[in-house]
Each structure stands twice: as structure tokens, then as C-alpha cells.
Amino acid sequence: MQKEAVFTNLIREHQGLLYKVTSIYTDNKEDQEDLFQEVVFQLWKYFDSFRNDAKITTWMYRVAMNTSITFIKKKKRRPDSVSVAEVFINESDTNDEVFEERLRLLYQHLKHLNTLEKGLIFLLLEGKSYNEIAQITGLSASNVGTKISRVKKKLKTNMTNK
């Protein structure tokens, strides 16, 4: 019972982190909810294997992102999947129209990035250092820096050309 209480508190405390990851990798509310449940299931499944080598949030990001990537691969194999409106934008709690428009534009362009690029930019926007991103993704810190630099350049080019 103790393990379940600790896990439940952990999920409750960090559910915002999980919702952010799932919103980046899904196009609609139903898929986001399915992915969220799958991430929580995977976290529970591997909860005993967490060794405290890294921060608990680093481990959670890693599991959430790997689960999301697997979810995307499975979804691409289903021919009946349809892309819908961005969920994250609809849940924005700000009333600043300029900010909302910029955020909508950013997320529109993020949808066109590949899976790794989305994850890297998401973690950067979350305020993670290159070392933390490296731990989460399994890349080296210098490789993270190089890839993020390329993604920033790609986003800048795409956003200024439209």
C-alpha cells in the first residue's frame, strides 16, 4: 500500500509535466488522454526499477517521451487516424491575444518537426539544461547543443518564411 501512495502522490505532483509531454505529441484531446494513461501505466510498470541515479522528474520525462514516441509510431501504422486542432492552445489560461497567437504559431510549427526535434525543443522550453536534456534523451550534451541549434535555425527559417 505504501508504494501505491508514493506513486499516486508522485503522479499528482507532476501531472502537469505529463500533460505537457502528451500535448506536444498528440493532435486531439482523446489521443492526449490515451497517451497520458499509457505514460502513467509505463511509469507504474517501471516504478520499482527507478534507481535514484537521476532526479525523479528526469526519469519521468524519459519514460513519458519514450512512451510518446512509441505511441506516435503505433498511430502512424493506423490508416484511419486524423489530425485535429491543437489541444494545448485550447487549454491556455491567458487572455493575452498576442501571446496566444504567438503560442499558436509556435505550436503549429512544432507539429512539423520530427519526433526527436519536438522532444528537444519541448525540454528546452521547459527550462532544462543541455545536461538534463542529455540525461533524458540519452544523447551527449554536445550533441544536444548541436541538434537544438539546428532546430532553432529550422524553426526561425520556417516561421519567417510564412
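These are my notebook entries on a predicted model and what I looked up in it.

**Ground rules**

I number residues from 1 along each chain as its sequence is written, and I use heavy atoms for side-chain values, with hydrogens and water left out. As the model is predicted, local features need pLDDT of at least 70 and side-chain atom pairs count only at pLDDT 80 or more, while totals for chains, interfaces and linings use all residues.

**Entry: the core**

I began with the largest nonpolar core, which has 38 residues. A nonpolar core here is a set of buried Ala, Val, Leu, Ile, Met, Phe, Trp, Tyr and Cys residues joined through side-chain atoms within 4.5 Å. Buried means under 20% relative accessible area, exposed over 50%, and partly exposed in between, with a 1.4 Å probe and protein chains only. At least two residues of this core come from each of α1 (2-13), α2 (15-24), α3 (29-45), α4 (56-77), α6 (97-110), α7, α8 and α9 (141-161). Helices are DSSP runs (H or I, at least four residues), numbered from the N terminus. The largest share, eight residues, is from α4.

Which residues have the most contacts inside the core? I found L18, L43 and M60. Looking at L18 and leaving aside neighbours within four places in sequence, I listed contacts (heavy atoms within 4.5 Å) with I11, F36, V39, V40, L43, M60 and A64.

I checked α8 against α9: their axes come within 8 Å and cross at roughly 100°. That makes α8 roughly perpendicular to α9, a label for angles of 65 to 115 degrees. Axes are lines fitted to C-alpha atoms, for helices over the stretch in contact, and angles run from 0 to 180 degrees between N-to-C directions. On the α8 side I noted Y130, N131, I133, A134 and T137, which meet A141, V144, G145 and I148 in α9.

The axes of α7 and α9 come within 10 Å and cross at roughly 95°. So α7 is also roughly perpendicular to α9. Residues of α7 in this meeting include L116, L120 and L124, and those of α9 include I148, V151 and L155.

**Entry: salt bridges**

How many salt bridges does the structure hold? I have six in my notes, each a side-chain nitrogen of Lys or Arg within 4 Å of a carboxyl oxygen of Asp or Glu.

K3 pairs with D48, the closest N and O atoms being 2.8 Å apart. K3 is in helix α1 and D48 in the loop between α3 and α4, 45 residues apart. K3 is partly exposed at 31%, whereas D48 is exposed at 58%.

E126 and K20 form another, with 3.3 Å between the closest N and O atoms. E126 lies in the loop between α7 and α8 and K20 in helix α2, so the pair ties together parts 106 residues apart in sequence.

K154 and E117 meet at 3.0 Å, N to O. As K154 lies in helix α9 and E117 in helix α7, this pair ties together parts 37 residues apart in sequence. K154 is partly exposed at 33%, but E117 is buried at 14%.

I found K128 in the loop between α7 (115-125) and α8 (130-137). K128 is buried yet has no salt bridge, and the nearest side chain of opposite charge, E132, is 4.5 Å away. Lys and Arg count as positive and Asp and Glu as negative; His and the chain ends are not counted. Not counting residues up to four places away in sequence, K128 touches T57, Y61, L123 and I133.

N52, in the loop between α3 and α4, has a positive phi of about 65° although it is not a glycine. N52 is exposed at 61% relative accessibility.

Terms used
Parallel < 35°, antiparallel > 145°, perpendicular 65-115°, else oblique.
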